Amino acid sequence: MTDSKPGAHKPHVIITGAGMGGLTLAAALLQKGFDVDVYEQSSELREVGAGLWISANGSKVLQKLGLKQAIEAINLPPKDRVVRFWKTGEAHSVYNRGVADSKVDHTLVQVLRAELQRVLYESVVRLKPDAVHFGVRSIGAETVDGRARLVLDGGGAVEGDVVVGCDGAHSRVRQSLFGPAPARYTGANAWRGLAPMSKLKPQHREPLASTWIGPTAHVTTYPVQRNGEEFVSFSAQVDSPHWQTESWSERGELSDALKDFEGWHQDILDLFIESENLFRWGLFVRDPLDTWSKGRVTLVGDACHSMTPYLGMGVNMTMEDAYVLARSLEASPDDIEAALKRYDAARVERTNKTKASSLDMLGIFHNPDLERIETARPYIEKQWSSQAVRERYDWLLTYDATAVEI
């Protein structure tokens with residue numbers, strides 16, 4: 001399936017990184033008739049035991065790519081989204097589905113990261129079987145004599161009409177364009193894991209997206225599936241003066257997790273105890289960039305706007321980037337630099353606002369009023385009222401990367 005215009009020149013696009021951004025971009029460009037090559041440093045797509053949720057803005061991109069049926073096959077949709085008190089589990093519903101005065105879709109798609117990556121990869125190789133090149137590590141990119149070059153580790157380069165860095169928070173492409181981007185510790189450590197539902201109590205089987213909140217920590221939990229087996233995916237953030245490495249694949253110790261969440265409800269402790277693996281890392285932020293493009297090289301996703309997970313928008317912003325970039329290149333295929341300026345103009349302000357709004361949520365999730373239930377109830381009712389949720393999310397969810405003006 002393509003929507004290319006017959007006879008139109010379509011540039012050759014070089015992408016580094018076969019994560020969510022790189023594969024979404026590749027799928028969008030291939031459907032539009034571009035030639036695409038993706039270079040990934042790993043030797044294969046690797047299983048990453050992490051869940052993610054896709055909100056309405058991200059779902060619009062996947063639907064436009066023709067992946068609605070494939071996504072539904074791996075989704076475990078929640079019947080409600082709730083905020084819970086850390087000690088007792090008392091729940092407050094925050095889903096705006098069906099609210100009379102809200103016309104915004106707050107539906108969540110809940111999937112394993114590896115499963116979404118597989119769906120995107122399969123959509124790419126259906127269109128170009130040899131599009132993804134594994135075991136190729138890039139160290140930067142540049143524009144030379146009107147051509148874009150992806151510089152490879154060990155010497156050599158790959159040349160094309162445009163290079164896109166989809167190489168994550170530690171992006172070598174970003175560093176080659178704009179220099180070092182020092183990371184600042186946010187004051188919180190993150191834990192994540194996957195706990196098989198078969199090892200958990202019956203209440204964990206409820207189809208809910210839950211965020212447990214306390215005075216110095218919070219935990220987001222939701223169901224996901226892999227080959228028919230169901231798990232609870234959890235991501236936990238805790239205030240800490242001591243930072244861990246900035247790597248979400250760094251193993252953590254159960255004893256440390258239980259110490260961080262001492263006094264919490266047993267349902268949360270059970271997730272740590274029963275998790276297949278525990279990972280722990282420090283949450284860092286970088287100063288926002290004013291521009292992502294230089295010459296014939298640009299950036300997508302975490303490479304240009306890595307953000308905290310507190311709004312659940314990281315993967316959604318990445319997919320938005322990818323589709324808007326594909327549309328920008330389609331609109332100006334004979335003037336790459338103009339296309340990239342169009343892309344920057346459409347995306348930088350939105351993602352930087354999202355990045356800042358996400359970080360602001362840490363002070364809402366962790367608050368002294370959450371120490372005791374007597375003060376927690378009014379705090380939660382205020383911070384997660386229908387109006388507060390609309391103000392926090394509606395401007396994010398209504399965005400349509402497939403149709404927004406570029």
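# Chat about strands, sheets and helix packing

Biologist: Starting with Tyr 39, what's its bridge partner in S7?

Modeller: His 133 is the partner of Tyr 39 in S7. Bear in mind that we're looking at a predicted model.

Biologist: Noted. How many bridges join S2 to S7, and which way do they run?

Modeller: Three bridges link S2 with S7, residues 132–134, and the two strands run parallel.

Biologist: What do S1, H1 and S2 make together?

Modeller: A right-handed β-α-β unit, with helix H1 at residues 20–31.

Biologist: How many residues of S2 are buried?

Modeller: Five of the six, so to speak a mostly covered strand, spanning residues 35–40.

Biologist: Switching to the sheet with S8, S9 and S10. What's the strand order and pairing?

Modeller: The order is S8-S9-S10 in an open sheet of three strands, with antiparallel pairing. S8 (138–144) and S10 (157–160) are the edge strands, each pairing on one side only. From one strand to the next, the twist averages 20°.

Biologist: How many bridges join S8 to S9?

Modeller: Six, with S9 covering residues 147–152 and running antiparallel to S8. If you want a pair to click on, Val 144 stands opposite Arg 147 in S9.

Biologist: Now the sheet of seven strands. What's its order?

Modeller: It reads S5-S4-S13-S14-S15-S12-S16, an open sheet with mixed pairing.

Biologist: Why is one side of S5 and of S16 left without a neighbour in that sheet?

Modeller: Because S5 (91–93) and S16 (278–285) stand at the edges, and each has a single partner strand. The twist in this sheet averages 25° from one strand to the next.

Biologist: How are S12 and S15 joined?

Modeller: By nine bridges, with S12 (residues 184–196) and S15 (residues 229–239) running antiparallel. Among the residues involved, Ala 195 has Val 232 in S15 as its bridge partner.

Biologist: Which residues of H7 are buried?

Modeller: Asp 267, Ile 268, Leu 269, Asp 270, Leu 271 and Phe 272 are buried, in a helix that runs over residues 266–274.

Biologist: What covers them?

Modeller: The cover for the buried residues of H7 includes S12, S13 (208–213), S14 (217–226), S15, helix H6 (254–260) and S16.

Biologist: Let's do helix packing. What's the angle between H2 and H9?

Modeller: About 45°, and their axes are 8 Å apart; H2 is residues 56–64 and H9 is residues 314–331.

Biologist: Why are H2 and H9 called oblique?

Modeller: Their angle is about 45°. Angles under 35 degrees count as roughly parallel and 65 to 115 as roughly perpendicular, so an angle in between is oblique. H2 and H9 are therefore oblique to each other. H2 passes H9 in a left-handed crossing.

Biologist: Which residues make the contact?

Modeller: On H2 they are Asn 57, Gly 58, Val 61, Leu 62 and Lys 64, and on H9 they are Asn 316, Met 317, Met 319, Glu 320 and Tyr 323.

Biologist: How do H9 and H10 pack?

Modeller: At an angle of about 160°, with their axes 8 Å apart. Over 145 degrees counts as roughly antiparallel, and H9 and H10 are therefore roughly antiparallel to each other. Their crossing is right-handed. From H9, the residues that meet H10 include Met 317, Glu 320 and Asp 321, while Ile 336, Ala 339 and Leu 340 are among those on the H10 side.

Biologist: What does Glu 337 count as?

Modeller: Partly exposed, at 39% relative accessibility. Glu 337 is also in H10. Leaving aside neighbours within four places in sequence, Glu 337 is in contact with Gly 295 and Arg 296.

Definitions and conventions: Residues are numbered from 1 along each chain as its sequence is written. This is a predicted model: local features need pLDDT of at least 70, side-chain atom pairs count only at pLDDT 80 or more; totals for chains, interfaces and linings use all residues. Side-chain values use heavy atoms; hydrogens and water are left out. Buried means under 20% relative accessible area, exposed over 50%, partly exposed in between (1.4 Å probe, protein chains only). Helices (H or I, at least four residues) and strands (E, at least two) are DSSP runs, numbered from the N terminus. A crossover is right-handed if, with the strands pointing away from the viewer, the path from the first strand over the helix to the second runs clockwise. Two strands pair if DSSP finds at least two bridges between them. Axes are lines fitted to C-alpha atoms, for helices over the stretch in contact, and angles run from 0 to 180 degrees between N-to-C directions. A crossing is left-handed if the near helix is turned anticlockwise from the far one by less than a right angle, and right-handed if clockwise. Contact means heavy atoms within 4.5 Å.
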